[in-house]
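Biologist: I have a model open and would like to learn how to read it feature by feature. Could we go through it together?

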Amino acid sequence: MRPDGDPPDWTQSSAGKGPAGKGSAGLALARCRACGHVQYLRRPFCPACGGEDLAVEPASGRGTVYAVTAVARAPSPDLQAFAPYGIALVDAEEGFRFMAHCPAEGVAIGAPVRTTFRAFGAGLVPFVTPEDLS
Ligand SMILES: [Zn+2]
């Protein structure tokens with residue numbers, strides 16, 4: 001939760017420049033103007049230096065798989081229709097790590113991936129696929 005009480009929006013760059021253009025879904029990052037540290041989680045400050053001057057920028061969506069697992073039993077009955085599905089931790093090329101959905105099979109640790117977005121339940125989630133399958 002942000003200090004203003006709104007839940008963080010993980011799918012929209014506040015710069016309004018998702019991969020498909022203005023207003024489309026896209027990963028966003030916050031870069032500290034004081035020290036250059038990059039973060040994905042929304043915080044009103046930089047965890048590296050404590051600075052509060054952050055610039056939100058669109059991220060490329062490209063990265064490398066750090067870890068991956070398959071979910072066979074969804075956390076709620078309404079999401080069970082999506083199972084099995086994959087969940088990956090991805091190291092973005094800009095230097096932050098993020099969680100994304102992925103195919104249940106065919107995504108390996110160390111694989112280069114790119115990010116799109118897919119409907120999942122009531123929202124959109126980041127969805128990564130290997131670069132060589134896209
Ligand atoms: Zn900083």
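Biologist: Where is the place of Phe 98?

Modeller: Phe 98 sits in strand 8. Residues are numbered from 1 along each chain as its sequence is written.

Biologist: Is Phe 98 buried or exposed?

Modeller: A residue is buried if 20 or more other C-beta atoms lie within 10 Å of its own, exposed if 12 or fewer, and partly exposed in between, with C-beta atoms placed from the backbone. Phe 98 counts as buried because it has 21 C-beta neighbours inside 10 Å.

Biologist: Which residues is Phe 98 in contact with, leaving aside neighbours within four places in sequence?

Modeller: A contact means that two C-beta atoms, placed from the backbone, lie within 7 Å. By that rule Phe 98 is in contact with Leu 27, Tyr 40, Val 90, Ala 92 and Pro 126.

Biologist: How should I read the two faces of strand 8?

Modeller: In a regular strand the side chains alternate between the two faces of the sheet. For strand 8, Phe 98, Ala 100 and Cys 102 form the covered face, whereas Arg 97, Met 99 and His 101 form the uncovered one.

Biologist: In which sense do strand 7 and strand 8 pair?

Modeller: Strands of a sheet pair through backbone hydrogen bonds, either parallel or antiparallel. Two strands count as paired if DSSP finds at least two bridges between them. Strand 7 and strand 8 are antiparallel, with 6 bridges, and Cys 102 in strand 8 is the bridge partner of Gly 86. Their hairpin has 4 residues between the strands, and Gly 95 there takes a positive phi near 105°.

Biologist: Which other strands pair?

Modeller: Strand 6 pairs with strand 7 over 8 antiparallel bridges, and Ala 70 stands opposite Gly 86 in strand 7. In the loop between strand 6 and strand 7 lies Pro 84, joined to Ala 83 by a cis peptide bond with omega of about -5°. Strand 6 also runs antiparallel to strand 9, with 2 bridges; here Gly 63 stands opposite Val 113. Strand 9 and strand 10 are antiparallel over 8 bridges, and Thr 116 has Phe 127 in strand 10 as its bridge partner. In their hairpin, with 2 residues between the strands, Gly 121 has a positive phi near 65°.

Biologist: What order does the open sheet of 3 strands have?

Modeller: The order is 4-3-5, with antiparallel pairing. Strand 4 (38-39) and strand 5 (54-58) are at the edges with a single partner strand each, so one side of each has no neighbour in the sheet. Strand 3 and strand 4 share 2 bridges, and Arg 31 stands opposite Val 38 in strand 4.

Biologist: Which residues touch the most other members in the largest nonpolar core?

Modeller: In soluble globular proteins, nonpolar side chains tend to be buried together. A nonpolar core is a set of buried Ala, Val, Leu, Ile, Met, Phe, Trp, Tyr and Cys residues joined through C-beta atoms within 7 Å. The largest one has 22 residues, and Val 65, Ala 88, Val 90, Ala 100, Cys 102, Val 107 and Val 128 touch the most other members. Strand 3 (28-32) gives the most to this core, with 4 residues. Beyond four places in sequence, Val 128 touches residues including Ala 88, Val 90, Ala 100 and Cys 102.

Biologist: Where should I be careful?

Modeller: Where pLDDT is low, the predicted coordinates should not be read in detail. pLDDT is the predictor's confidence in each residue, from 0 to 100. The protein has a mean pLDDT of 84, and 80% of its residues reach 70 or more. Over residues 1-8, though, the pLDDT is below 50, and residues 13-23 stay under 50.
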